[in-house]
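My notes follow in the order I looked things up.

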Amino acid sequence: MPDYGHPIRFGSFITPVNSPASAPVRLAVLSEELGLDLVTFQDHPYQPSFLDTWTLLSWVAARTDRVQLSGNVLNLPLRQPAVLARSAASLDLLSGGRVNLGIGAGGFWDAIEAMGGRRLGPGQAVEALDEAIDVLRGIWDAAERRPLRAGGDHYRVAGAKRGPAPAHDIPVWIGAYKPRMLGLTGRKADGWLPSLPYLKPGDLQRGNRLIDEAAGAAGRDPREITRLLNVTGLQSAGDLARLALEDGISTFIVMGDDPGGLRHFATEVAPAVRDQVDRGRGQRGTRPAGRRRSTMALARRRPGIDYDGLPASLAAHAVEPGDAGYARYTSSYLRGGAPGLVLRPQTTEQVRDAIAVAGRHRNLPLGIFSAGHGLSGRSLNDGGLVIDVGPLNTVEVLDAQAGTVRAGPGARWADVARVLTPHGLAITSGDYGGVGVGGLATAGGIGWFAREHGLTIDLLRGIDVVLADGTVAHASASENPDLFWAMRGAGANFGVAVSFEFAAAPVGRLAFAQLVFDASGTAGFLTRWGTAIEAADRSVSGEIILGGRQGGRQYAQALLVVDSDDPDTIIERLQPVADIAPLLDQSVALTSYDQIMQMMLSEAPQQGQGEPHSHSGLVRHLSPDVAAAAAALLETGASYFFAIRAVGGAVSDVPSDATAYGWREANFSVAAFGTRASGLDPMWEKLVPHLEGMYLSFETATGPEVLARAFPPEHLARLRALKRRYDPTGLFRDNFYIDPEAADSAA
Ligand SMILES: Cc1cc2nc3c(=O)[nH]c(=O)nc-3n(C[C@H](O)[C@H](O)[C@H](O)COP(=O)(O)OP(=O)(O)OC[C@H]3O[C@@H](n4cnc5c(N)ncnc54)[C@H](O)[C@@H]3O)c2cc1C
C-alpha cells in the first residue's frame, strides 16, 4: 500500500449552470457516450446561477443508462440527512443502483445561513457529518424493523421510519482535508474525495495515512475506502498513473465544462492511465482489492456460516445481513425471513458451487428462491442459506412454429407472457404474473388455461436440474424419465431447476371477465358455480374468490378467461356462469394473456412478514356437502381469502401416474387463507373429509400427514424411492420434505 488495488475509474465534474439548463445535461450525456464511469456536479444550493444539484442528478439519471452519479460534494448543512437518505435511495432505485453520495460539511457559511442553514462552529463539522452518516445508513437499513433513533446535537432522528432500501450499497464519499475529518473518513466512510488544486505536496500521503490509521483503529481494512481525486485536466497520463500507483487514487474526476477537454480525457488520457497502472500493478504483483464488505455488514453475520470460504464466483454476488440488497430477502410475498447468507448464482456452474456450499452447511435451513411467492416452500429462512436463482431469468422462443420455449427459473410468468404474446403463444401458468417459473413449474401450475391446456407441468418437455451431488441432469421423457416424473409435482425435493423447456400453445386475443356476485346463500351458490364451471366449454378457466361477509352479505368475485376473441362466443360461454346468482358488477375485456399477467403483478418490494397460514385441497365436485362445509367455514370469518380454481378438463386428460402431481380427477382446487390457525384449522378440518388430495403450492402446514394428502400413496412411495436415489441425505428439505428413510406408512 498505498495502491489499494481498486479498479481505475474516470469521471467528469460538471458545473450545474442553469443558463442554458441543458448544458450540464449535455455534458453528462456526453460523459456516458465517451465511456466515462462517473458524472458529478458541484452543489451550491445558495447559488442562483446554478441548477439545484439533486434535481439535476435526477434528470441526468433519467437521460443516461449506465454512468454512475454523485454530488461533488453535496452540501450537508442545506440537505437534511434523513430526507437526503430517502432521495438518494429513491434515485438509486430509479436509476438501477447508480447513485453515490459525495458529501461535505459545507463552507460559504454566510450564504448557507442566508438560506436558513445552520452555521457550524469550529470543530462541529466532524460531529455533524458523523451524525449524518449514521442517519443516512440508518434510513437505508430497511431490513431493521425498529424505528431509527440516531444522530445527536446536529441531526437528531427520533423514531423515523426506515427505508426505502437503495438498490445497492450507496457509497458515502467525504470531501474533506482536515485531520479529524480524515479520521472520520477512515472510521465510517466508503471514499475520500479531495480536489488536487487544494492539496499541497505531501497532503495525499498524509491524508491516506490518517485515513488508514483511523480505519485500522475502527477494525476496518483500509482497502474498504476508495480514494477519489478531482483533477484539472492539466495532468498527463503519467502523472495520474503515478497518483494511482503511489498514492492509492483509483478514481480520477476531471473538472471543466469543455466538451473537447472531456473527450481528450476520456479517449486519450484514461486508456493510457489504465495501461500504465495495469503494467505497474503487474510488475509489483498488486492483487485486485475485490469487494470489500462494510463493517456494518460484518457485524451482522450469523453463526455457523463460512462466509469467508465462498468461492470467488459466489462471493461477488452474495448478500449478507447488513448489505443494502439484504432487504429483498427479509420478505417474500407472504412470509418474512432473515437468512444468514444469500447466494445469487449467475450461471448453472455457479448453482453447482452454491449447492456445494449448501452441502457444507447441512445443519442450517436451505431455501431455494426463484421469485419469492412460495407458500408451502420456505424460500426464506432465519439464519440459514438461501440460493436465489432469480438472475437465471432469460426467456427464449426457440422455435415459434413449434412453440418451443426455454425459460429460466428466475423469470416471472409476466415476463414469460411478455415474450410469448407477440409470437401468438402462451404457457398456462398461475393467475399471478409475479410468481416465478422456478416454484410453479416444479409443483403444478393451475392457471388461466387449466381446463384447455392442463397444468403448467403438462407443457414441460425438459428440465435441467442441478442435483444434490452437484451433477447437472437433463430430465425429459427420454432422458432420466424418473427424475422428469418427480420434477413435475415434487421438484423442490430433487434439485435446483436451472432451465425449463416448454411446448407453448397458440393463443391469440381472448376475453378476461370479472364478475361480482351476491353469494349470500353461499352453499347453494358454490354448488351452482361448480355445476356451471364443469359444464362450461374447456376454453373457460378461472377462479372465484370469497372472503368474510360484509354488511351481512357474502360477495364472490369471479375471474375468468374465455379463450376466444369472438364476442358472441364469449357471451354464449359466460352467460350460464353469470346466471347462477345476482350480478353486482361485471366487466369483460378483449385482451391478451400478456395484459392479464401484467395486471396481476406488483413491482413494489415484497412485504410479507411472519408465517402465512393457508390450507389447500382438491375436490372432484362442489357437491352440496363440500359447499356446505365451505360455506360454514366462510360464515365464521376464519378465512379472509378463499379461492376455488378450476382444474379438470385437460388436467384430467393426463393419467394420474404420468407426473408426481397425481390428483388428476379433481375439477377444483380449494385454498383458504386465514390470519390465525386457531380460527381456520378447526373449520378446515371439517372440509378435509370431502377432499381428495391437495395442491401443495397453497398449503403452509408441514408434516407426514400433510405429505400424505399432497401425493397419492403409490406416488409417495415412488417419490421416496427416487429421493433415496437423487437426494439420499435430504439436502432439499424445505418444501414438503419427502424423507427418504421414512417408512411408507402412508402408502
Ligand atoms: C399471489 C400468488 C398467487 C398465486 N397463484 C397461483 C395460481 O394461480 N396457480 C398456482 O398454481 N399457484 C399459484 N401460487 C402459488 C405459487 O405457484 C407457488 O407459491 C410457487 O412456489 C411460487 O414460486 P416462486 O418461484 O415465485 O416462489 P419461491 O418462494 O421463490 O419458491 C417457492 C418454493 O419453490 C421451490 N423452488 C423455487 N425455485 C425452484 C427451483 N429453481 N428449483 C426447484 N425448486 C424451486 C422451493 O422449494 C421454494 O421454497 C400463487 C402464489 C401467490 C403468492
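I looked up V405 and found that V405 stands opposite F502 in strand 20. This is a predicted model, in which local features need pLDDT of at least 70, side-chain atom pairs count only at pLDDT 80 or more, and totals for chains, interfaces and linings use all residues. Residues are numbered from 1 along each chain as its sequence is written, and side-chain values use heavy atoms, with hydrogens and water left out.

**Sheet.** I then checked the pairing of strand 16 (residues 404-407) with strand 20 (residues 496-503), which is antiparallel over four bridges. Strands pair if DSSP finds at least two bridges between them. Strands (E, at least two residues) and helices (H or I, at least four) are DSSP runs, numbered from the N terminus. Both strands belong to an open five-stranded sheet with antiparallel pairing and the order 15-16-20-18-19. Strand 15 (395-399) and strand 19 (472-476) are its edges, each pairing on one side only. Neighbouring strands of this sheet are turned by 20 degrees against each other on average, direction ignored.

**Helices on the sheet.** I noted that helix 13 (residues 413-420) lies across strands 15, 16 and 20, at about 40 degrees to strand 15. Helix 16 (residues 481-490) lies across strand 18 (460-466), strand 19 and strand 20, at about 95 degrees to strand 18. Contact means heavy atoms within 4.5 Å; axes are lines fitted to C-alpha atoms, for helices over the stretch in contact, and angles run from 0 to 180 degrees between N-to-C directions.

**Ligand.** Which residues come nearest to the ligand? Of the 34 around it, they are S370, H373, S379, D431 and Y695; a residue counts as near if one of its heavy atoms lies within 4 Å. A ligand oxygen is 2.8 Å from a polar backbone atom of H373, and a ligand oxygen is 2.6 Å from a side-chain N or O atom of S379. A backbone N or O atom of A497 lies 2.9 Å from a ligand nitrogen. The protein covers 96% of the 950 Å² of accessible area that the ligand has on its own (Shrake-Rupley method, 1.4 Å probe). Helix 14 gives the most to the shell, with three residues.

**Backbone.** I found a cis peptide bond between G163 and P164, with omega about 0 degrees. P164 lies in the loop between strand 7 (157-160) and strand 8 (172-174). A cis peptide bond also joins N72 and V73, with omega about -5 degrees. I logged these because most peptide bonds are trans.

Key
Polar contact = N/O pair within 3.5 Å; in protein donor to acceptor, adjacent residues only side chain to side chain.
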